[in-house]
Amino acid sequence: MFVRTYGMMYVQNAELFKNFFEALTRYYVSGGAAVNLDSMLSDFWADLLERMFRLVNVQYEFDDAYMECVSRHTEQLQPFGDLPRKLGIQLKRSFIAARTFVRGLALMPEVFNKVSTVSASPSCVRAAMKMLYCPYCSGQVALKPCENYCLNVMRGCLANQADLDTEWNNFLDAMIGLAERLEGPFNFESVMDPIDVKISEAIMNMQENSMQVSQKVFQGCGQPKPSMAFRSRRSVKETGFTGRFRPYSPDARPTTAAGTSLDRLTNDVRKKLKQAKKFWSTLPETVCEGERIAPGDDCWNGTAKSRYESVVIGNGLANQVSNPDVDVDITKPDIVIRSQIAVLKEMTSWLKAAHSGNDISIDNDEDSSGEGEESGSGCDSAPCETDRDIYFSTPPPPVQPKVNQVHSSGSSAGVASRGSAALALCGLALALLAPHLR
């Protein structure tokens with residue numbers, strides 16, 4: 001689009017835009033650790049102003065010192081209108097939301113992989129053997145365990161895993177909330193797809209107000225020297241920008257090769273996240289159903305073919321103190337499970353921050369202070385408060401705890417699909433950036 005609209009003028013300045021989109025790609029992949037978005041955007045607009053200023057004032061000569069003066073006054077001059085500030089807010093919030101959401105998806109199979117390494121306790125193995133194979137000793141090979149008996153055994157065996165449920169559900173709620181943001185005000189596509197149009201509008205704004213901008217610069221930085229090489233026959237029309245992009249239509253969003261837009265993909269993932277709630281606490285019910293158990297009184301109760309009389313206990317480690325079928329030491333919670341509870345809690349804080357448009361920086365340096373840097377609207381001044389509803393209203397960012405980096409790496413088809421969804425979202429986001437690099 002830039003080539004069609006600006007021709008050789010864009011070709012001669014293409015490196016500026018190429019570096020801009022490459023920086024956006026690095027910011028999406030690595031966040032603030034790789035690119036300071038505010039500084040990068042400020043440098044981009046300042047550099048664009050310098051190049052535009054020379055083009056609309058070809059009759060003058062400008063040395064480096066003069067152009068530095070021009071760059072220092074970019075914010076005061078506002079040659080591109082309010083678009084740089086608006087675009088900065090939209091980029092930051094959408095990138096933070098998309099990146100955090102993808103990392104949340106990548107965390108799910110990681111949690112499954114870690115939890116799958118937890119071995120069954122000896123008492124769990126004995127209880128399971130008794131439930132499944134002891135009927136064979138009396139020749140009742142077709143006899144299946146009673147449902148409540150099976151539940152008590154499985155709740156004893158999966159006591160530690162059930163304790164994941166609270167933080168797991170909190171994590172999923174945060175993921176679902178962020179997915180709704182991605183379908184609405186933080187939509188990654190709606191920001192990235194028309195970004196070239198927005199930059200063009202900023203250039204047009206500079207062109208239309210070039211005389212006023214130039215006069216302000218001349219007043220603040222001094223009157224420049226006339227260019228000796230300037231040819232009088234070159235008119236302003238020949239040196240200015242006259243092209244415009246077609247109006248952007250939100251309905252004309254790009255799709256993947258499979259014809260799935262980011263909106264539809266996010267919506268599909270959100271539905272699957274809802275289905276994953278209470279996964280850990282319902283594992284015993286998942287095991288003790290269907291053909292694995294026998295209904296009624298014609299079942300194995302642990303000692304004979306008869307009704308199971310014991311009360312079904314609750315989920316979680318604390319409830320196992322009264323488990324009649326599995327001996328569980330409630331004073332020794334599993335270390336792996338507890339570490340994954342902590343990881344989920346930290347990731348939930350990160351997701352909640354992203355929901356408000358804020359980013360908690362990832363601290364990998366042990367010697368650092370550990371204070372998380374937050375970036376959100378990029379503006380804390382009173383004027384920004386008055387026009388916050390230009391885009392969408394968000395609650396004030398809460399005080400967030402430090403979040404450690406989660407390195408993404410289950411065993412079921414559901415886990416594989418979640419990992420695939422994470423890769424799909426990441427790939428689609430990078431694909432949206434790729435056309436702008438060419």
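A disulfide here is a pair of cysteine sulfur atoms within 2.5 Å. This is a predicted model, where local features need pLDDT of at least 70, side-chain atom pairs count only at pLDDT 80 or more, and totals for chains, interfaces and linings use all residues. Residues are numbered from 1 along each chain as its sequence is written, and side-chain values use heavy atoms, with hydrogens and water left out.

Start by selecting C150 and C288: a disulfide joins them, S to S 1.9 Å. The torsion about that S-S bond is about -80°, so the C150–C288 link is left-handed. C150 sits in helix 9, C288 in the loop between helix 17 and helix 18, 138 residues apart (helices are DSSP runs of H or I, at least four residues, numbered from the N terminus).

Now show all of helix 9, residues 147-157. Nine of its 11 residues are buried, so the rest of the structure largely encloses it (buried means under 20% relative accessible area, exposed over 50%, partly exposed in between, with a 1.4 Å probe and protein chains only).

Next, pick C124 and C157, another disulfide at S to S 2.0 Å. C124 lies in helix 8 and C157 in helix 9, so the pair ties together parts 33 residues apart in sequence. This one is right-handed, because the torsion about its S-S bond is about 110°.

Last stop: C134 and C137. C134 is partly exposed at 32% relative accessible area, while C137 is exposed at 72%.

Notes. Helix = DSSP H or I, 4+ residues; strand = E, 2+ residues; numbered from the N terminus.
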